[in-house]
2 protein chains.
Amino acid sequence: MSISEPAARPAVMHDVARLAGVSHQTVSRVLNGHPNVRPETRDRVLKAIRQLNYRPNALARGLVTRRSRTIGVISFDTRLFGPASTLLAIEHAARSAGYAVTISSLANLDAASVRSAVAALAGQPVDGAIVIAPREGAAQGLRDLRPGLPLVAVEAGYGGEIPVVSVDQFGGARLATVHLLSLGHRTVWHIAGPADWLEARDRVEGWRAALADAGAAAPPLLRGDWSPESGYRAGLELADNPDVTAVFAANDQMALGVMHAFYERGRRVPADVSIVGFDNIPESAFLIPSLTTVHQDFDEVGRRGLKLLVDTMDGDSERVEKPDPVPAGLVTRQSSAPPAH
Amino acid sequence: MSISEPAARPAVMHDVARLAGVSHQTVSRVLNGHPNVRPETRDRVLKAIRQLNYRPNALARGLVTRRSRTIGVISFDTRLFGPASTLLAIEHAARSAGYAVTISSLANLDAASVRSAVAALAGQPVDGAIVIAPREGAAQGLRDLRPGLPLVAVEAGYGGEIPVVSVDQFGGARLATVHLLSLGHRTVWHIAGPADWLEARDRVEGWRAALADAGAAAPPLLRGDWSPESGYRAGLELADNPDVTAVFAANDQMALGVMHAFYERGRRVPADVSIVGFDNIPESAFLIPSLTTVHQDFDEVGRRGLKLLVDTMDGDSERVEKPDPVPAGLVTRQSSAPPAH
DNA sequence: AGACGCAGTGTTCACGCTAACAACAAACCG
DNA sequence: CGGTTTGTTGTTAGCGTGAACACTGCGTCT
C-alpha cells in the first residue's frame, strides 16, 4: 500500500487549472466563453483540457446555476409510430439547443401508470417537460407535483391551460371523410380510437362535421384501441353489411385490421369497399392495396414543441406565441375509389 | 419593495429540518432509510416533507454521492419497432430499479451522427449506458470519451469486448430458412440488411448455414436498408425470375416491400412465392397474406440489458454473468407454403 | 460506582462548479 | 503627473446534499 495507484478518477476543473498554471475560475471563464481572457491564456487552458480529457461536471454546474439543461418527456407507448417520431424530433431539436432529454414512458393509460411516470419525472432535475400523451391527466399531474415547471403538451388536442402543439386532427379527419364522399360514397363509417384520447375525439368531430356538411347520415360509431386487432374486430362487424362502402379508420394500424377482415370475408378493397387511414406510417404505401391516409408531420410537431418549451423556459415573461396547428395532408393511394355502381 | 413576496422557490432540506425542529442531517437520514431515528422524529420529518411538498435535489445528491442514478441509452432510429420496443423495456426496467433514462438517438448511422450522439451522452451525468446500435463504433466511441463508464450493448451481435445482450439472430435466420426448405423449396433467396449492421450479418450467416446444411445452392445476396422501399426494389429484381420460389427478408418491412412488388408483377404469395420476414412487428399478422416471420422478444432483451448494466454498475468486480442469447421463434402464417408443383 | 457501549442527534466538511468581489497592472484622461 | 478606467486574473462564498465525526443521555457490565 506504500505506492498508491494514480487513481483513474476523472479530472476536475482544479486539475486543469493547475496544469495550465491558472486559477480554476479562469478555466470556468474559458469554458463559459467569457470575454476578458487573454487569448494566450485561453489556449493554455484549452490545451490542458484536451490533455486531461476533462469534461465539466454537469451536476456541480447545475447545482450552482439552478438549471440542469435537461428536459423531460412523458410519452405514451413509444412503440407507436406517432409518439416515436415525435420523440425523435424533440430529442434532435433538444440536442441542437443544448439540452439533454430524460424520458418517462407510459405502458398504458390507466391512472396508476400515468402517476408512476409523472412521479418518476418529477423527481428528475429537469428545466421543463413535454408531454406526449393524449390525456390531460398526465400534464396536470406533473403540474401538481412540480408547480412552476415549464410545460408543453404535444399531440394532445386544444383547449386546456397548458400550451399545446398538435396536428390539426379535426381538419385531417375532415379531409379523409370529404375525400370519400367526393368519390361518390353515400356515407362514411368511422372506426374511432379510445374515447378518452383527445386525438380520437377530434377525429370523430372532423368526421361528423364533414358528414353534416354533406348532408350525409352518420352511421353508428365503432371503437378500437389503435391496434390492428381492434381494427380487425371492427372490420368483421362491418364486413357483412352491404351498406358499408367506405370506412375511415382513426389510424393506419386499425385500417390494416379492417382490410384484413374484409379480405377474409371476400370483400374487395377498393372495388367493394374503400378504406382510408390516418398517420401515414411507412408501411402504408406498401400494403396491398396501398393505403390512402392522412399524413401527420410528426417531425414538425416535435420541433415546434421543443421550440415552444425553450421559449417558455427562456422567456422573460409569457411573451410566447400561441402556435397554429400543424396542417394535415391527404395522401391518396389505391385503397380508396368510387363505389361499385 | 418593503414587503418581499414569499419566493416560490422549492423547499430544501434545511426548510424541512427547521419545520420539524431537527437538523438537516436527520432529514437526510429519514430520506435514506437509516436506522437509529426515533419513530416519533421520523414522523415529524415526514409530515414536514409532505407539508412543504419537499423533494430532494437530485443534483446535489448526485454531486456528493458521485452517482446520478441515471443511465444513458444511445439508440438507432427509435421509430423502428425493434429499437423502440427495446428502449421501452429498458426504460421500464430502469424505473423499477430506481434509475432515470437519458436518451441520445441517431438519425442515421454515419460517423458524424454517431459521434454527435455519443458526445452528447458523454457530457451527461450518467452512471452507465446501454447502446442499441448495430455498429461497434457507437459503443467504442463512448468508451473512448468516458473510460470506465459501465457499458452494455444490446441487439448488436457478439464478440466485441463490450458485454452484449441480443436475440439469437443466427438461429432465427436459420429457423426461417429451414422452414422454407422443409416446405419443399429448392433454395431460398435472401434480402439482407445493410452490410455494416451486425444483425444483418448474423442473419446472412444463419441463412447460409441452413442452405449449406441442406446442400442447397446459395443464390446471390440482395441488399436493402430495412425500409419497405428497399424491399420493394429488391422484390422487383426477383419478380421476373421464375426460379425464385422462396424469399427470406431480413426484416418484416422489407418483406412487405417484396410482397408489394410481387403483387404488382402478378406473382401470388404464397401460391407462386413464399415469403418470410423477421421481427414480428404488430402489423405482420394482418398483412395480406399474413406474414410468416421470426419473433424477437425485444422486451426480454431490454430487461436483460438493463439487468446486466445494473449488475455491472453495482458489482464489486467483474462477477457479472455472461448472458446467453435470447432465443428467436418462428411464427408460421399464410405467406409461406409448399412450392406450386 | 465508574467505565463502557449504544441509540439518537447535531456540527462540520467536502463534492465541483459559478458568481461576486477583490487585486493588480497597464492604459488613459485631463 | 495623479486619478480613474479597463483588462485580466485570483480569492472567497455559496448551491443542497451525504459522510464523518462529535456529543449527549441512558442502560449495562465489572
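In the predicted model, A:I191 stands opposite A:A249, a residue of strand β8 of chain A. This position belongs to the pairing of β6 (residues 189-192) with β8 (residues 246-249) in chain A, two strands that run parallel and are joined by three bridges. Both strands are part of an open sheet of four strands in chain A, in which the order is β7-β6-β8-β9 and the pairing is parallel. The edges of this sheet are formed by β7 (222-223) and β9 (274-276) of chain A, and because each has a single partner strand, one side of each is left without a neighbour in the sheet. Helix α10 of chain A, spanning residues 228-239, packs on the sheet and touches β6, β7 and β8 of that chain, its direction making about 155° with that of β6(A).

The contact between the chains takes 43 residues from chain B and 43 residues from chain A. On the side of chain B that touches chain A, two or more residues are given by each of α4, α5 (81-96), β2 (100-106), α6 (111-122), α10 (228-239) and α11 (252-264) of chain B. Of these elements, α5(B) gives the most, with eight residues, and the residues of this side as a whole divide into 24 nonpolar, 14 polar and five charged. Strand β2 (residues 100-106) of chain A also pairs with β2(B), in the antiparallel sense and over three bridges, and within these strands A:V101 stands opposite B:I103.

DNA strand C is surrounded by 24 residues, of which the closest are A:M13, A:S28, A:A60, B:S23 and B:Q25. In composition, the surface near DNA strand C divides into eleven nonpolar, eleven polar and two charged residues.

For DNA strand D, the surrounding residues again number 24, with A:S23, A:Q25, B:M13, B:S28 and B:A60 as the closest. Here too α2 and α4 of chain A, together with α2 and α4 of chain B, each supply at least two residues of the surface, although the largest share, five residues, comes from α4(B). The residues of the surface near DNA strand D comprise eleven nonpolar, eleven polar and two charged.

Within chain B, α2(B) packs against helix α3 (residues 39-52) at an angle of about 95°, the axes being 10 Å apart, which makes α2(B) roughly perpendicular to α3(B). The contact is made by B:T26, B:V27 and B:V30 on the side of α2(B) and by B:T41, B:R42, B:V45 and B:L46 on the side of α3(B). By class, the residues of this helix contact divide into four nonpolar, two polar and one charged.

How values were computed
Residues numbered from 1 in each chain as written. Chains lettered and ligands numbered in written order. Predicted model: local features only at pLDDT ≥ 70, side-chain atom pairs only at ≥ 80, totals over all residues. Pairing = 2+ DSSP bridges. Contact = placed C-beta atoms within 7 Å. Axes fitted to C-alpha atoms, helices over the stretch in contact; angles between N-to-C directions. Near = placed C-beta within 6 Å. Nonpolar A, V, L, I, M, F, W, Y, C, P; charged D, E, K, R; others polar. Parallel < 35°, antiparallel > 145°, perpendicular 65-115°, else oblique.
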